[in-house]
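Please look over the sequence and the model shown below before reading on.

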Amino acid sequence: MHEISVASGILDRAITAAEEHGADRIDAITIEIGRATHVNPEQLVFCLETIADGTAGEGATVRTETVDPVAVCDCGWRDEPDDLGLVGGFAPDVRCPECGERTELVRGRECRLASIEVPEAGDRTEQTATQER
């Protein structure tokens, strides 16, 4: 279950981004997950929500977006492959439908933080004022 280490990296990046924008809370986290990864979206969300306890990400809504793969071939073909050719569930082996050569996936292998949502600056002031009472 490598999702915990992936979740940890994403949460760290989200907290850093929130801090860079002066926010001490994250309302939502959106993650892009390529279809050619071996990351299970449901497990990733579970791991992220679990390790977020006690951090700025605690209680944040976690969304995932699937990124469809795009392959390119030296012959000039570029498109979304019909099949990833996951032999034994391992590395994709996508062949060009035009010439039969192995292609390069230029999209669909990513697993990254796409965005975060933090409270508006006015909400942060109100939140701070509420906490000071």
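Does cysteine 96 count as buried or exposed? At 4% relative accessibility, cysteine 96 counts as buried, where buried means under 20% relative accessible area, exposed means over 50%, and partly exposed lies in between, with a 1.4 Å probe and protein chains only. Cysteine 111, by contrast, has 25% relative accessibility and therefore counts as partly exposed.

This is a predicted model, in which local features need pLDDT of at least 70 and side-chain atom pairs count only at pLDDT 80 or more, while totals for chains, interfaces and linings use all residues. Residues are numbered from 1 along each chain as its sequence is written, and side-chain values use heavy atoms, with hydrogens and water left out.

**Overall make-up**

The chain has three helices and six strands, and along the sequence these follow the pattern α-β-α-β-β-β-β-β-α. Helices (H or I, at least four residues) and strands (E, at least two) are DSSP runs, numbered from the N terminus. Of the 133 residues of the chain, 37% count as buried. Among the contacts with a separation of 6 or more, 70% are between residues 24 or more positions apart, a contact being heavy atoms within 4.5 Å.

**Two sheets**

Two strands are said to pair if DSSP finds at least two bridges between them.

Two bridges join strand S3 (residues 70-72) to S4, and alanine 71 stands opposite aspartate 79 in S4.

**Two nonpolar cores**

A nonpolar core is a set of buried Ala, Val, Leu, Ile, Met, Phe, Trp, Tyr and Cys residues joined through side-chain atoms within 4.5 Å. The largest one has 20 residues, and Ile10, Leu11 and Ile29 are among those with the most contacts inside it. H1, S1 and helix H2 (41-51) each supply at least two residues of this core, and the largest share, six residues, comes from H1. Beyond its neighbours within four places in sequence, isoleucine 10 is in contact with Ile29, Ile31, Leu44, Leu48, Cys111 and Leu113. A second, separate core of eight residues includes Ala36, Ala71, Trp77 and Val94.

**Confidence**

The pLDDT is the predictor's confidence in each residue, from 0 to 100. Its mean over the chain is 87, and 86% of the residues reach 70 or more. Over residues 125-133, however, the pLDDT is below 50, and this stretch has two contacts in the model beyond near neighbours in sequence. Where pLDDT is low, the predicted coordinates should not be read in detail.
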